[in-house]
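Thanks for coming, everyone. Have the sequence and the model open while I talk.

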Amino acid sequence: MMLNLLCPSIPGCCSGQVMLGDSRDVVEGETLRLPCRFHSALGSSTTLYFWSRVNKDGKDNAAINAAALDPHYNIDFSPQEGKYDLLISKANYDKDNGKFECWLKEGGSGVDIYSVSYVVTVLIPPGEPRITPPKPIAREGESAALTCSSEGGSPDPTIRWYRDGVLLQGVIQKGGSRERPTSSILTITPRLEDDDAIYRCVVWNRALREDLKLETSVSLRVHYAPRLTVGPSNPLNVLENTDAHLTCSVIASPPVRTIRWVKNGQLLSNAHNHTIRNVKSDDSGIYSCIADNGVGEPTQANLELSVLYGPQVKVVSYQEAKAGEPLIVKCDVNSKPPPHMIQWLKEGDPYFRQTGDTLRIEKITVDDGGRYICQAATSFRPSGSNVQSEAIGNGTVTVRIRHKPGQAEIYPVQPVAIAGRPFTLSCTAHPLGWPLPEYRWWKEGTSTEDITTKSNYTLVSAHMSHEGRYFCQPRNLVGNGGSASVYLTVHEPASIVIPLRPQTIKKDKERDYSITCRARGKPKPKVRWLQNGQPISEDSGLFHISTSEVVEDNNAFVVQSTLAFAGPSRRENGLTPGDRGRYTCEFDNGVGEAARSEMMLRIE
């Protein structure tokens, strides 16, 4: 809209008047009039009139006085009427899109008398909108940008984003001219629900009718970490000794690359579904389905497997019972779910029945002895089943009335101890008796001296003097049992009594030389001679071995052996350089390690 400032009628009073025009739109190819109206008193024969133009190519003159400087410009010039209008025919974007100013200046001095300006917009419809990327893919939770661009239009178009009819806020980047595109950047942080969402871009400028808009759209593909559903129910209740089928349903984009079932860090399967055959109670626990499609960290869902099993009944196998005293026996029951019934029965007595986990008899009698049964029942319903099952478990305790022990038995039956080592004799009774008996031990010839009252008699370090016959008799408060006896034999490992000298030096060809060593053991040790670790044989004709023995206390043997350097193959029974070396006498009776003595013989 043009602003008119009125001047007084005195000439020159309005010198330097500036008129502010407005924006003008013109469709490309059509005609536009730009008015330049002023008070007629401002005009004179020396006044200069001209129109200036600023467009993309720069600033130049469009008209001077009555002369238009462009073929499609015309001047409607009447100074007497205060009119100096510019007519633009067949408006052209490259020339006419810009700023136009009308100037009146004093001739000679060039002082501005009057001016008015216009911003002319040559209207051109915007180009078809384009969205980049054309097939957008974004990750869940990570920012992504959609850019909608349009170029070729004038003025810069408005660009709006919509989803499901809802206006979204984008960031506009104006092109500023038809040669540069105008863009709107929509930043989104997608979620799973945004997968396959349609984003619509709408473009419009003043070259189009209000009801005519250009638009395009894209479908957003969202990549998201796997969503897992484990089942078929959670927790999953499965009967013991049946199969457990674990399922893992996965929703993921892109599809999962790996899937696995894990329990306690151990890989079980690489399939969506995992079956456990003949499940046991130990199979109960947390099973994890882990899926990975490369988006973020692998996703994990836990399934609790609960193995249902019938009652496992634990009760002492027997219990002491004394006439007239109360009897109390506790029954422990383990089942899943817990039992709904626990009762006590007695074998051979169909009328005996007690409820609860504790057997109670206030005053026990001899007739109350026998086998009592703790019986428990559990009801359960597996997942996915409408049928309820019941399982029964039993535990038995034998109630014994106090009585004396029976005949004693000693183990081992033919005991053999080794001197210097521990050895144990064990005594029991059949029947054992109740209460548990103690055991009287004694050695033949010392029946008045009790060795111990325990079931085991242990020799901390057996000695030859321990050999002999031992007796054991069980007894308790009720009475004595029958006694038993065994003969204990004590063996003594071979040991060196007289060793060889560690080192001996002899002269070459010395005659009738021999060495001797002596050992003790039970049973009788066998002797063996070695030279430099190799057995010595009399068959070589170089040596002669003589052995003697003496029986000492408790049939222990003392064996003496002499190695004589003599024989048919030895010249004049003399020593030779070949006799140099290490000589060993070795005694072995099969008890423990062999006994050895060594000597180093040097020949000069």
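Start with P431. This residue lies in the loop between β36 (423–430) and β37 (438–443). Look at the bond just before it. H430 and P431 are joined by a cis peptide bond, with omega about -10 degrees. Keep in mind that this is a predicted model.

There is another cis bond to check. It runs from K336 to P337, and its omega is near 0 degrees. P337 is also a loop residue, placed between β28 (332–336) and β29 (341–346).

Staying with the backbone, let's turn to phi. N278 is not a glycine, yet its phi is positive, about 50 degrees. Where is N278 found? In the loop between β23 (273–276) and β24 (285–292). N278 has a relative accessible area of 46%, so it counts as partly exposed.

N555 is another case. Its phi is near 60 degrees, a positive value in a residue other than glycine. N555 is found in the loop between β45 (544–551) and β46 (557–564). With a relative accessible area of 49%, N555 is partly exposed. The cut-off matters here: exposed means over 50%.

Now the rings. How many aromatic pairs does the count come to? It comes to 15 aromatic pairs. Take F38 and Y49. Their centres are 5.8 Å apart, with 35 degrees between the planes, and the pair is tilted. F38 sits in the loop between β2 (32–34) and β3 (48–55), while Y49 is in strand β3, so the pair ties together parts that are 11 residues apart in sequence. Are F38 and Y49 buried or exposed? Both are buried.

Compare that with F352 and Y372. Here the ring centres are 5.5 Å apart and the planes are at 75 degrees, so this pair is edge-to-face. The cut-off for that label is over 60 degrees. The pair links distant parts of the chain: F352 belongs to strand β30 (residues 349–355) and Y372 to strand β32 (residues 370–380), 20 residues apart. F352 is buried, and Y372 is buried too.

The charged end of R400 sits over the ring of Y318, at 4.5 Å from the ring centre. Likewise, R440 has its charged end over the ring of W442, 4.1 Å from the centre.

On to domains. The domain assignment gives domain 1 (22–124), domain 2 (127–224), domain 3 (310–398), domain 4 (407–492) and domain 5 (499–603). I'll stay with domain 4 and domain 5. How far apart are their C-alpha centres? They lie 43 Å apart. In contact terms, nine residues of domain 4 meet 10 residues of domain 5. The two bury about 700 Å² between them, and 51% of that is on carbon and sulfur atoms. Which residues of domain 4 lose the most area to domain 5? They are M464, H491 and E492, together 70% of what that side buries.

What about charges across this interface? Two salt bridges are counted between domain 4 and domain 5. Elsewhere on the list of charged pairs, E467 forms a salt bridge with K522, and the closest N and O atoms are 2.5 Å apart.

The opening one is E549, in strand β45. E549 is partly exposed, with a relative accessible area of 42%. What does E549 contact, leaving aside neighbours within four places in sequence? K524, F557, V558 and V559.

Then S177. This residue is found in the loop between β15 (171–173) and β16 (182–188). S177 has a relative accessible area of 13%, so it is buried. The cut-off for buried is under 20%. Not counting residues up to four places away in sequence, S177 touches Y93 and D156.

That's the tour. Questions, please.

Methods. Residues numbered from 1 in each chain as written. Predicted model: local features only at pLDDT ≥ 70, side-chain atom pairs only at ≥ 80, totals over all residues. Heavy atoms only, no water. Phe/Tyr/Trp six-rings, centres within 6.5 Å; stacked < 30°, edge-to-face > 60°. Helix = DSSP H or I, 4+ residues; strand = E, 2+ residues; numbered from the N terminus. Buried < 20%, exposed > 50% of the residue type's maximum accessible area, 1.4 Å probe, protein only. Lys NZ or Arg CZ within 6 Å of the ring centre and 35° of its normal. Domains from an automatic or database assignment. Contact = heavy atoms within 4.5 Å. Buried area = accessible area lost by both parts, 1.4 Å probe. Salt bridge = Lys/Arg side-chain N within 4 Å of Asp/Glu carboxyl O.
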